[in-house]
Amino acid sequence: MEYNFAKKQVRRISRNKIFLLLILIFFGAFMVFVFAFSFSPSNLFFEYAPFDTSEEAEKLLEEKKFYVTTTAEHLVDTGYGYAEGYFEEGMIIQDKYYIFFAGEKYIICRVDKELSQEEYDDYPLKGKLDYATEVDAEVIDELKQDASEFIDPGLIADYIIDTNASRYDDQIIAIYGMVLLIIPIIYIFSAIISITDYKKNKYFKFMGANEDDAERINQSISKLYSRGITPKKVSSMEIIGDWMIRSTFTSFYVNKKEDVVWIFKTITKHKTNGIPTGKSYAVVLKGKSYLNISLSVKDEKKADALLEELFVEIPYAIRGYSDDLAELYKKNRSEFLELQVKHRQEIN
């Protein structure tokens, strides 16, 4: 069978993409599954479940209907508050804990403001009904001890209503799970189409100015492979004939060597809080138009060796960096290309 470079590359990256997408689908399915068994979907996205008594509240908890609404006949200030952060004169009380009687038990609610006496009666509550967190549980335990002289501690429920809790956080997580489930499935179909027809893949199209040009380049490279020519490994690139190939787990790019007009080394100094933390090295290949390839190396010695190797493979490119060259390349590309042509003529 005749060797087809683009077909093999597209099939490789498509299989890899499907593998990654299946992982995303797994996580998306897991998140949706968890929320399906942790929440009532209608309660999570639509209505707040009403209740009047603690017995009804406990039934809602069993049904996974956590977002509730009720009217407290009479709220009582527990004297407890939740504080976070400090001013010079003391803590900032963010939430206050109130308690109300709901038929069979007393229920604690967490409100983000201190109520006036006028608001204590028939106060509308809307929030998340759930078993107490570690912080809220401490309040409940202390309240049970403080109130033990007046009421049976067993009459104070172990769950609270947090009026600050918004459904948005849980909704976002649930929606994110559905997105992780649905979008990868769409991309899997796209990857399958690429496997069956490599010419529909975007990386194949990137090979040339149009589909015919991309296929012409593909045939040129495929013939080199068919003749048993082995690509030369140059850093993270492969060079075969007149072509440079860069491959990653989910992509590949092909460029012609003669499109490279400038090659130079870069050294980047890194600092953390003003303290030098090291340097990174790279060799950069600049093209006539959009081409910009950066090849990272471990140290300057390897960068110099890579430069020499590339100068052998691409002898017509201008060598080395200067601010003048950078300015010319950026602001007057045509003049830079004329300079590169002169350099090429001098070599010949």
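Me: On a 1 Å grid over the protein atoms alone, a pocket is an open set of points where a 1.4 Å probe fits, with protein on both sides within 12 Å along at least five of seven lines. How much space lies in the largest pocket?

Reply: This is a predicted model: local features need pLDDT of at least 70 and side-chain atom pairs pLDDT 80 or more, while totals for chains, interfaces and linings use all residues. Residues are numbered from 1 along each chain as its sequence is written, and side-chain values use heavy atoms, without hydrogens and water. A volume is the space filled by probe spheres set on the points, which are joined across faces, edges and corners; the largest pocket holds about 280 Å³.

Me: Which residues lie nearest the centre of the largest pocket?

Reply: Lys17, Tyr187, Ser190, Ala191 and Lys202 do, out of 14 lining residues (an atom within 4 Å of a point). Two elements, α1 (5-38) and α5 (167-196), each give two or more residues to this lining. The largest share comes from α1, with six residues.

Me: How is the strand order read in the open sheet of four strands?

Reply: Strands of a sheet pair through backbone hydrogen bonds, either parallel or antiparallel. Here the order is β14-β13-β12-β15, with mixed pairing (at least two DSSP bridges per pair; strands are E runs of at least two residues, helices H or I runs of at least four, numbered from the N terminus). β14 (292-297) and β15 (318-319) are the edges; each has a single partner strand, so one side of each lacks a neighbour in the sheet. Within the sheet, β12 (260-272) and β13 (275-287) run antiparallel, joined by twelve bridges. Lysine 271 faces proline 276 of β13.

Me: Which strands does α8 lie across?

Reply: α8 lies across β12, β13, β14 and β15, at about 170° to β12. Helix α10 (333-347) lies across β12, β13 and β15, at about 115° to β12. Angles run from 0 to 180 degrees between N-to-C directions of axes fitted to C-alpha atoms, for helices over the stretch in contact (heavy atoms within 4.5 Å).

Me: Is glutamate 313 buried or exposed?

Reply: Glutamate 313 belongs to α8 (300-313) and is buried, because its relative accessible area is 18% (buried is under 20%, exposed over 50%, partly exposed in between; 1.4 Å probe, protein chains only). Leaving out residues up to four places away in sequence, glutamate 313 touches Lys232, Ile239 and Lys257.

Me: How do β10 and β11 pair?

Reply: β10 (243-247) and β11 (252-256) are antiparallel over five bridges. A hairpin of four residues joins β10 to β11, and arginine 246 has tyrosine 253 of β11 as its bridge partner.
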